[in-house]
Amino acid sequence: MPRYELLGLYFDPAPVAEAITQIRSLGVPDSNVEVISRTPYKAEMLNRPTQRGRVGRIALIGAALGILGAGGLTVGIYMLYTLNQGGQPSILPVPPSLIVLFEITMLGTMLATFIGFLLVNNFPRFKSRIYDPQVTEGHIGVVARADDSLAIQVEEVLNRTGAHAVRRVEVTDKKDYRSRYFWGAVVVVPLILLAILGLFVYDIIRLPIPSQMVEQESVAFQQGPRLPAPAGSVPVQGSALIAGQPASEPVPVDENSLQRGQILYTINCAMCHGAGGAGNGSLASHFTPPPADLTTKDVQNLKLQDIFLIITQGRSKMPGLSENLSPTERWDVVNFIRSLGK
Amino acid sequence: MSTSELDRPIWAPEDIKDEELARQEKHLREKHLLLDPRFPPEANRYMLDPMYRTTREFWILFVILGGMVMIFMTTWGIQMYWGLGLTGLNRPVMWALYIVNLVYFIGVGHAGTFISAALRALKIEWRRPISRAAELVTVFALMVAALFPLVHLGRSWKFYWLVPYPNARQLWPSFHSPLMWDMMAIFTYLSGSILFAYLGMLPDLAMIRDHSEGWRHRLYAILSLGWRGTEKEWSNQETALNIFSYVIIPVMFSVHTVVSWDFAMSLQPGWHSSIFGPYFVAGALFSGVGAVIMTLIVLRRFMHLDYFLRAEHFNGMGMFLLLLSLTWDYFYFNDYIVSWYGNEPVEKVFSHILTSGWAAPLWFLMLFCNAILPALTLWSRKVRTTPSALFLVAFFVQIGMYLERYLIVPFTLGFNEFPYSWGVYIPQVPESLITVCSFGLVAFMYVVITRLIPVVPLWEVYEGQVLHGLKRMGRALIKTKAEPD
């Protein structure tokens, strides 16, 4: 490591190129010379070797990592949790996965380019290097590192070629600890943040948010005990007996009821079920299946309410009679049908 | 080589004896920023002085815009507490103003990075002083755009359910959903745009570090990462910026295409169209370039950036705006004629309501702002180079493009294949307040950042000034550009 670092400031690129040529002829290797400027100059303008950077290659690594990550997200997760969607193929839908692949590859490329840019330049640099604020005022600086006797010769060259300010400092061999702390923080801080986030996300710390779904009562699929239906709810499949409604309030069996029932039966039912209820009414032959024989055990053993509901809603070819008969009238007919079996 | 020749710095004016040529040289210097280098400390001050100064105008604007931000946040808080029922959302219009704002602000965010990256890749020189102001429009518009899905989310705190990570619910977001693509595209574009803008900013941050004291010096010493301007740093920066330019252009196209797919992938009549992707991209660039023009004019007026932003830049941007207006016309006509000719029952209803129904004023105003006004005015160089006139045209373009999105989202969604469930959306107070104040939010962030970072990339301007010069051909001086390999 050479002992001294020299900086000469110039107004224009031409004398800079001249100075660089002369410094090289003194025997200072190109790696120990640097030019600092506020605008980019091409290497050939200043008689410097072309710079070869590694940013491009690092970007390619980022792209490759992006492709892998995207593959993991699309293919991997599809394997773990198959989610068939809108008739897309059941193995792996390629077109939608390509979009994810594109975005994540591009993200990987850009992140890697940025990180690569920082790494190859040793950014962020906190250790002060030889520099002059006049550089951002348009001056061009030539930096050379050399040992004792060579340093004096370099200084002479800088003065001779027209540098208006020349400085010489001793190179210190201090490590840039703060830069290390920075990169340490880049790795550690996101991990800590992730861990803190994980505390909430995995419910290790649970915030009392009123709408938490997990706080609500729930039962797994096909597992008991079944919860009681909430108050006031009604079934949506078929009819139901509700206390206080007509279907739950039978009319008592008496002479009058049976008589009313018979009259209503003759008007509304007999043409199919027959006057005696044997299923042999004048229209009976037109139906398949034929009208039921009301005198059989099957019918007679039905609950009163069931017969009431059949009259109300109809069954098979039989129409519902709720519009023709009031609930009381239907109960009269039920009583009459019950009397047919005896 | 004589010493005088060696010592003439680029900012020193050329000594021209011929009177006619000297007149031509003066004229060209006035016209072209890149032919008009100044003494560097002086040129730095043109940018730093308005940055370091907080005028009364600045504070008035700061208070007004800050108030709008407060209203935005308060309204959002109220909406979060009481739920989305406060808004005019209904069935079938469950996507309305918030989604319009999302599309609009992503659109506005398009032009910035495009101007910066595409014009950089194409080596178009007038981009130099405007690229950073444009990138900042992208960054802030995208930030606000990314906020709108959260505002629209009702239970905004559940946003992390979109993030793919192994979770306690045993659920993964579906990567085959356009909404998921949308989130990933916006995230990629936003992070790329921020990094791209920051990379290009480093030399200027170093410049401020060298010309400031106290807290500013300490802040910029950290922000500039120790930039000195060595050959290695410049060369790596150029590589990185080139990679970013070429990567971010396709990402930019993908973002608004994916936004259009949020709509086009459904079977909703009026949305299910294969031209939606490019049509949205064209519209996005159109409104975005308009927004950048407005930003530049305001910056020039209030930060006194007359040295950097000249007629040539507004001329270029104006032509760009005209070109994009024509592109928009082309895509819109494509979208319209196919559904008009197809004569599907539901699309017939749209057509009727737009041309002669209740939405006709909106539709004709949109056509006027997007197609007729730019075509009638922007062909004129005088309009393009008069800031107030160009500002007005760009402003009408914003109105037109907002209306276009409004007609695409809540209007179209009201008419689906089931006429019994048709509906009309009427904006209510919460979403109207949030919408108006979201413009304030973008402007607020922009106003604050103008005092923190130079909105003109000085090093790019200086680089251009090094590379540009005059060449004498016969009796005339011609502007030339040196292009090193």
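A:P15 lies in helix α1 (residues 13-25) of chain A. Helices (H or I, at least four residues) and strands (E, at least two) are DSSP runs, numbered from the N terminus. This is a predicted model: local features need pLDDT of at least 70, side-chain atom pairs count only at pLDDT 80 or more, and totals for chains, interfaces and linings use all residues. Residues are numbered from 1 along each chain as its sequence is written, and chains are lettered from A and ligands numbered from 1 in the order in which they are written.

**Chain A**

- A:P15 is buried, with 22 other C-beta atoms within 10 Å. Buried stands for 20 or more other C-beta atoms within 10 Å of the residue's own, exposed for 12 or fewer, and partly exposed for counts in between; C-beta atoms are placed from the backbone.
- Between A:P15 and A:T161 there are 6.0 Å in space, C-alpha to C-alpha, and 146 residues in sequence.

**Where chain B touches chain A**

- Chain B gives 55 residues to the contact, and chain A gives 59. Contact requires C-beta atoms, placed from the backbone, to lie within 7 Å.
- On the side of chain B, the elements giving two or more residues are α1 (3-7), α3 (40-52), α7 (178-210), α9 and α17 (458-467).
- The largest share of that side, 16 residues, comes from α9(B).
- By class, the side of chain B that touches chain A has 30 nonpolar, 15 polar and 10 charged residues. Nonpolar covers Ala, Val, Leu, Ile, Met, Phe, Trp, Tyr, Cys and Pro; charged covers Asp, Glu, Lys and Arg; the others, Gly among them, are polar.

**Helix α5 of chain B and its partners**

- The axes of α5 (residues 97-121) and α9 (residues 231-264) of chain B come within 9 Å and cross at roughly 155 degrees. That makes α5(B) roughly antiparallel to α9(B).
- Axes are lines fitted to C-alpha atoms, for helices over the stretch in contact, and angles run from 0 to 180 degrees between N-to-C directions. Under 35 degrees is roughly parallel, over 145 roughly antiparallel, 65 to 115 roughly perpendicular and the rest oblique.
- Residues in this contact include B:H110 and B:F114 of α5(B), and B:Y246 and B:M252 of α9(B). By class, the contact has 13 nonpolar, 5 polar and 1 charged residues.
- The axes of α5(B) and α10 (residues 276-303) of chain B come within 7 Å and cross at roughly 75 degrees. The two helices are therefore roughly perpendicular to each other.
- Among the residues that meet here are B:G107 and B:A111 in α5(B), and B:G283 and B:S287 in α10(B). This contact has 11 nonpolar, 7 polar and no charged residues.

**Buried spots in chain B**

- B:M317 is part of helix α11 (residues 311-342) of chain B. B:M317 counts as buried, with 26 C-beta neighbours inside 10 Å.
- Leaving out residues up to four places away in sequence, B:M317 touches B:V289, B:V292 and B:I293.
- B:M317 and B:G290 are 8.5 Å apart, C-alpha to C-alpha, and 27 residues apart in sequence.
- In α17(B), 9 of the 10 residues are buried, so this helix is largely enclosed by the rest of the structure. Among the buried ones are B:W459 and B:Y462.
- The buried residues of α17(B) pack against α3, α6 (131-152), α7 and β1 (468-473) of chain B.

How values were computed. Two residues are in contact if their C-beta atoms, placed from the backbone, lie within 7 Å.
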